[in-house]
Amino acid sequence: MTGAELRVEGTEQVLAADRVILSLGAIGTPLLLMRSGIGDPAVLAAAGVPCRMERTELGRNLHDHMLGAGVVCRSKRPVAPSKLQVSESLSYQAEDPARTTGRPEIVVGCVVAPSVAEGFEAPPPGTGFTLLFGVTNPTSRGRLAITGPALSDAPMIDPAYLSTEHDRHLFRIALKRARAIAASPALADWVAEEVLPGPALCSDTELDAFIARVAITHHHPVATCAMGRDEAAITDADLAMRGLDNLWIVDASVIPSITAGPIHAAVMAIAESFASGFSA
């Protein structure tokens, strides 16, 4: 790895360096490496890119947080505008409500916009709110790949959301927990009615169908250049890419398994730790 080829206002440039740091995120980083000839030989051949380095795991292990948008409630009284960028609160909970320690499995959050997934109509602002719900540590794993050598060739991105029974089971529980919160005595003075999914939806089959319609990304993709101890891992503990002696990857793609909460703090910690060690 010597650097990067750029096109600026129609002019091609080459930036070269002894040490290269790649930070394009869990989507952009593996795609750039694949277009450079690094990755699964079969994937590269299908895209018409000569394979310069075989890294079969590149672009695999893709996973993300999802949220159901959601349990929408019409309010009995006006809902004030948000002071916290619409998302007012997040509650991380155990699958078993009796358990008070250990890693949470589900999350319920309150959005005062209100917010709904594409295809649904939300109550007007100020007349309702949404309880989002999701799974903190999904086990579904997807992948991404290039389809051609050019930046204009649209990538193939298959997140494989909700492809495991673990995730589907916990999403059902998260939805039921959000509905229970909406129906709780603490919100009795606020909730006039449950607009979505609506009281008629009760069976697990109906809830699964609703979840499939309202599930949206929380924009936390990780792990497509996952770090690890084994030689199959794309990066090592120092964020150096295996097989190259001058390339480091510093972004969410190196996180091997997603954090329970939003990944932003983890990404900042990775960057700051790398920067302090890299400049030493």
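**Entry 1. Histidine 219**

I began with histidine 219, which is exposed, its relative accessible area being 63%. I was working on a predicted model. I located histidine 219 in the loop between strand 14 (215-217) and strand 15. I then looked up its backbone and noted a positive phi of about 60°, although histidine 219 is not a glycine.

**Entry 2. Other backbone features**

I kept a general point in mind: most residues other than glycine have a negative phi, and most peptide bonds are trans. Leucine 162, not a glycine either, has a positive phi of about 55°. I placed leucine 162 in the loop between strand 12 and helix 3 (165-182).

I next looked up cis peptide bonds. One joins alanine 113 and proline 114, with omega about -15°. Proline 114 sits in the loop between strand 9 (106-111) and strand 10 (128-135). A cis peptide bond also joins leucine 196 and proline 197, where omega is about 0°. I found proline 197 in the loop that lies between strand 13 (191-196) and helix 4 (204-214).

I traced an open sheet of three strands in the order 6-11-12, and its pairing is antiparallel. Strand 6 (60-62) and strand 12 (156-158) are the edge strands; each has a single partner strand, so one side of each has no neighbour in the sheet. From one strand to the next, I noted an average twist of 35°.

Leucine 144 has isoleucine 157 of strand 12 as its bridge partner. Helix 1 (residues 25-35) packs on this sheet and touches strand 6, strand 11 and strand 12. The direction of helix 1 makes about 45° with that of strand 11.

I also checked alanine 150, in the loop between strand 11 and strand 12. Alanine 150 is partly exposed, at a relative accessible area of 31%. From alanine 150 to leucine 32 I noted 118 residues in sequence and 10.0 Å in space, C-alpha to C-alpha.

**Entry 3. Helix 1**

I asked how many residues of helix 1 are buried. Eight of its eleven residues are, and helix 1 is thus mostly covered. Among them I listed Gly25, Thr29, Leu33 and Arg35. The cover over the buried residues includes strand 3, strand 4 (38-39), helix 2 (41-47), strand 11 and strand 15 (247-249). Glycine 37 follows helix 1 and has a positive phi, near 95°.

**Entry 4. The largest pocket**

I recorded a volume of about 930 Å³ for the largest pocket. Its lining consists of 26 residues; Ala4, Glu5, Leu32, Arg35 and Ser36 lie nearest its centre. Strand 1 (3-8), strand 2 (11-16), strand 3 (20-22) and helix 1 each supply at least two lining residues. Which element gives the largest share? I found that strand 1 does, with five residues. By class, I noted 17 nonpolar, four polar and five charged residues in this lining.

The largest cavity holds about 90 Å³ of space. Of the 14 residues lining the largest cavity, Asp64, Met66, Pro138, Tyr161 and Asp167 are the closest to its centre. I recorded its lining by class as nine nonpolar, three polar and two charged residues.

Definitions and conventions
Residues numbered from 1 in each chain as written. Predicted model: local features only at pLDDT ≥ 70, side-chain atom pairs only at ≥ 80, totals over all residues. Heavy atoms only, no water. 1 Å grid on protein atoms, 1.4 Å probe; cavity = no way out; pocket = protein on both sides within 12 Å on 5 of 7 lines; lining within 4 Å. Points joined across faces, edges and corners; volume = space filled by probe spheres on them. Nonpolar A, V, L, I, M, F, W, Y, C, P; charged D, E, K, R; others polar. Pairing = 2+ DSSP bridges. Helix = DSSP H or I, 4+ residues; strand = E, 2+ residues; numbered from the N terminus. Axes fitted to C-alpha atoms, helices over the stretch in contact; angles between N-to-C directions. Contact = heavy atoms within 4.5 Å. Buried < 20%, exposed > 50% of the residue type's maximum accessible area, 1.4 Å probe, protein only.
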